[in-house]
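Hello,

Here is the structure I promised to pass on. My notes on it follow below.

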Amino acid sequence: MKKKSFYSFFAVFLAAMLMLAGCFGGKEETAKPADGDSGKKTEETKGPKVLKLNNTEEPGALHPGKAQGTHDSWVLEGTFEGLTKKTPEGKIVDGMAEKWETSEDGLTWTFHLKDGIQWSNGDPVTAGDFEYAWKYALNPKTASDYAYQLYYLKGGTEYNSYQLTKSKDPKKLEKQDKELKGLEDKVGVKATDDKTLVVTLSAPTAYFLDLTNFYTYYPINKKVQEANPKWYTEASSFVSNGAFKLTEWKHKESLKLEKNENYYDKDKIKLDEVDFAVIDNESTAYQMYQNGELDMVYPIPQDVLPTLKDNKEFHNGPDLATYYYNLNNNKKPFTNAKVRKALSMAIDRKAIVESVAQGGQQPAYSVVPPGILENESSDYQKNGGDLFSEDLDQAKKLLAEGLKEEGMSKLPKFSILYNTNEGHKKIAEAVQQMWKKNLGVDVSLENVEFQVKIDREHAGDYQVSRAGWVGDYVDPMTFMDLWVSTGPQNDAKFNNKEYDKLIETAKKSMDNEVRMKAMHDAEKILMDEMPVIPVYFYTKPYILKENVTGFFTPINRYPQYIYADIEK
């Protein structure tokens, strides 16, 4: 009975979550193409329908197994499709899979693929492409930053955690390959035929179905990958299975997507083309919008936001995301929790959201944002409440104590690393001034490209860095497992055995009360140790031309253009 009630709860959980996303304030375009609409252009709409967007950054890797940020995912979400997808209303529905079944114990999922689904080059999409893609991401040789999202598969952790040899000895390499193959064969994903994919989990996972529309779970064309491992780096060799295909990529300048005529649901796709400009300056992008060179802008320059409140083109959707600062826990004096907490307590978050960010954001005193139901009727973040407070007197006291423990009399000058963006710069400048005024700390600012920032964070080449996390799925775990000691996204280099134990308990438990309590307890440890400094919980303010319809904003995704249309 307990197992049954567990899954019944999560059916209610998902339904309530979808209602929450749909009821979030803001003017939302959720029009869905009518079934049976052929999409043929009439005399009034003659000519190609081209949607013009701005991706803000050059993609780091347009490969499902290698992507790691929104600068990749916004393009991937238009060019690829997983076993499932989400409707404009946020409901999880069939994607490449037409149906699926789950065993009574929740460990085995069997997906049945649709008939006639194809890659953009005409090859059939098979269950084997999914098996290959998931195992490719888990292969330690791939070095995928998101491989951990596949740890839910039986044997996934063991395969990905295999320590590769640094030896060039042929015999040792041969032995390694044999051991890797043995571990790969034990991973819980198997194509039993071209249309059937059987997935075995290491433990029942309430949000697994949600994960199947996340980009790490997209398929890749096995034949293309093996023939050309760099297929994803140029438009000429790019092969995908989604609503659009990549036809042009002028690196660091622009990308062009065109409607994929091989997509099974092509009749519901109204756009002929989606053009992405790559511009990291928000003011430039906004000016282009005003000039008619862009149809939508996200994010919006912070100083413009107050002027748009009554604009019919302004929308503000929900966002399952947290803006925070990483503190490098391996570099003195950030090795000291008192120093870290002092810096956090000296930030005026209300001033930042009201006078700098200005997009309706909520000051963050925890890491998990609102929007995730803990049970049928209550929000996880609201149940947890504020886990720390701002207190200048206490901050000064903690800083002095922490520095003394580290053998220092003064906090040495350090830098805040952030990716080139006007908004991030203004927030960093505000924090810089607060730390100077409140704690007498000298801080410099350093801006780099987004991908460079990510690479430096992973390498530990920073002191303090601006960061943000959008939930990959709708559960507290999408935030909480970021800071386990061995986590690939643990850029703060936080290491706490009790925290790791609690996260492991939450991942393995089938009892919702047990798993939620474990995550609340872990979050308290996190905020007491303060390896990262939460600043605010995001919203999703954007502007969209009135003649563009069909945009929708899932709580944990960028605004979606798949079903967009342009009225002429």
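The buried residues of α16 are covered by elements that include α15 (477-480) and α17 (512-529). Contact here means heavy atoms within 4.5 Å. Helices (H or I, at least four residues) and strands (E, at least two) are DSSP runs, numbered from the N terminus.

This is a predicted model, in which local features need pLDDT of at least 70, side-chain atom pairs count only at pLDDT 80 or more, and totals for chains, interfaces and linings use all residues. Residues are numbered from 1 along each chain as its sequence is written, and side-chain values use heavy atoms, with hydrogens and water left out.

More on α16. The helix covers residues 497-508, twelve residues in total. From first C-alpha to last it reaches 17 Å, close to the 16 Å expected at 1.5 Å a residue. (The expected span is 1.5 Å times one less than the number of residues.) Y499, D500, L502, I503 and A506 are buried in α16. Buried means under 20% relative accessible area, exposed over 50%, and partly exposed in between (1.4 Å probe, protein chains only). Seen down the axis, the buried residues of α16 fall within an arc of 165 degrees, so they line one face of the helix. That arc is taken from the directions from the helix axis to the C-beta atoms. The face turned away from the buried side carries the exposed residues K497, K501 and K508.

Next, salt bridges. The rule is a side-chain nitrogen of Lys or Arg within 4 Å of a carboxyl oxygen of Asp or Glu. The count comes to 29 salt bridges.

- E131 pairs with K135, with the closest N and O atoms 2.8 Å apart. Both lie in helix α3 (residues 127-138), four residues apart, about one turn of the helix. E131 counts as buried at 13% relative accessibility. K135 is buried too, at 9%.
- E529 and R340 meet at 3.6 Å, N to O. E529 lies in α17 and R340 in α9 (residues 337-345), so this pair ties together parts that are 189 residues apart in sequence. E529 is partly exposed at 24%. R340 is buried at 3%.
- K341 pairs with D528, the closest N and O atoms being 3.2 Å apart. K341 lies in α9 and D528 in α17, so the pair ties together parts that are 187 residues apart in sequence. K341 is buried at 19%. D528 is partly exposed at 44%.

Then α14 (residues 450-459). Its residues F450, Q451, K453, I454, R456 and E457 are buried. The buried residues of α14 pack against α2 (70-79), β13 (321-327), β15 (414-419), β16 (443-448) and β17 (464-470). Just after α14, G460 takes a positive phi of about 75 degrees.

Last, confidence. pLDDT is the predictor's confidence in each residue, from 0 to 100. The chain averages a pLDDT of 91, and 92% of the residues score at least 70. Over residues 1-45 the pLDDT is below 50. Beyond near neighbours in sequence, that stretch has 79 contacts in the model. Where pLDDT is low, the predicted coordinates should not be read in detail.

Best wishes
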